[in-house]
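Dear colleague,

Please find below the structure that I am handing over to you, together with its sequence. My notes on it follow.

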Amino acid sequence: EHGRQFGWTFRLMINDRLGGITELGRKFGAAGNRLMRQTVYGLLTTPPTLEDGQPVFTNGAAATRSINDDPSPAVFSISEADDMRVRFATRQGIRAATTVPHRMRHIMCVTGNETFINQVLGRVVVESRARNTAEQVTESFTGLGVWADPLIDQFDATAIGGGLGTAWFGTDGESVEYAFLQGYEGVQTAVEADFSTRGMKIRATLDFGAGVKDWRGLDRNAGA
């Protein structure tokens with residue numbers, strides 16, 4: 001549950017020639033959007049401990065889980081992406097002998113690494129087309145979305161390989177979920193008039209939550 005409330009005087013309304021008050025709705029919406037994104041990204045950059053007592057990412061130290069944190073992190077490359085795909089495809093189920101395969105659909109990174117990753121993926125497509133194997137590569141790599149957001153850059157994740165500069169995350173697009181309180185989707189605003197002063201009060205609330213549903217749909221490479 002998140003919210004902000006403040007008021008303004010009648011004089012301020014009269015002198016609001018720049019339209020600051022009329023822009024409040026848009027600004028509240030933008031602030032709510034930033035908060036939701038920060039909350040979701042925080043689950044990856046500062047991962048919580050799950051119900052099994054293990055962190056979201058583990059490099060194999062926990063015997064009850066398969067690896068989803070590259071034990072030999074490196075800068076993004078096709079071979080590193082393939083290694084991550086293999087880890088996604090061989091996820092361990094509740095029982096050690098059971099495999100629950102997942103498919104990596106997205107790569108998340110800081111904005112400073114987005115162009116490089118797209119260049120690497122784009123180079124493979126171009127080279128493969130020259131070898132007349134474009135159909136296979138189109139399915140394997142061009143279907144892999146690269147997602148970067150300036151808000152990811154703001155996290156202080158020094159525990160991840162010394163920072164987020166070259167770190168990258170793989171996701172299946174389904175294992176992190178956020179939801180609103182039913183009937184209160186998005187930022188909710190309410191305005192109240194002050195009869196005695198002719199001023200106004202405004203309140204904005206955002207009722208939502210986010211969490212990791214399944215560690216199997218996430219993977220991390222701390223980069224180098």
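**Findings**

Among contacts in the protein (heavy atoms within 4.5 Å) between residues at least 6 apart in sequence, 73% join residues at least 24 apart. The model is a predicted one: local features need pLDDT of at least 70, side-chain atom pairs count only at pLDDT 80 or more, and totals for chains, interfaces and linings use all residues. Residues are numbered from 1 along each chain as its sequence is written, and side-chain values use heavy atoms, with hydrogens and water left out.

The protein has six helices and nine strands, taken as DSSP runs (helices H or I, at least four residues; strands E, at least two) and numbered from the N terminus. Of its 224 residues, 36% count as buried, meaning under 20% relative accessible area with a 1.4 Å probe and protein chains only.

The largest pocket has a volume of about 460 Å³. A pocket here is an open set of points on a 1 Å grid over the protein atoms alone, where a 1.4 Å probe fits, with protein on both sides within 12 Å along at least five of seven lines; lining residues have an atom within 4 Å of a point. The volume is the space filled by probe spheres set on the points, which are joined across faces, edges and corners. Of the 20 lining residues, Val40, Tyr41, Met108, Trp147 and Val176 are the closest to the centre of this pocket. Helix H2 (24-45) gives the most to the lining, with six residues, while strands S2 (106-109), S3 (145-148) and S5 (176-180) each supply at least two.

The second largest pocket has a volume of about 310 Å³. Twelve residues line it, and Leu50, Asp52, Arg65, Trp215 and Arg216 lie nearest its centre.

Tyr178 lies in strand S5. At 46% relative accessibility, Tyr178 counts as partly exposed, the class between buried and exposed (over 50%). Leaving aside neighbours within four places in sequence, Tyr178 is in contact with Met36, Val40, Phe208, Gly209 and Ala210. Tyr178 and Ala210 are 32 residues apart in sequence, yet 4.0 Å apart in space, C-alpha to C-alpha.

Strands S6 (residues 188-193) and S7 (residues 200-206) run antiparallel and are joined by six bridges; two strands pair if DSSP finds at least two bridges between them. Ala193 stands opposite Met200 in S7. S6 and S7 form a hairpin with six residues between them, and Arg198 in the turn has a positive phi of about 65°.

With kind regards
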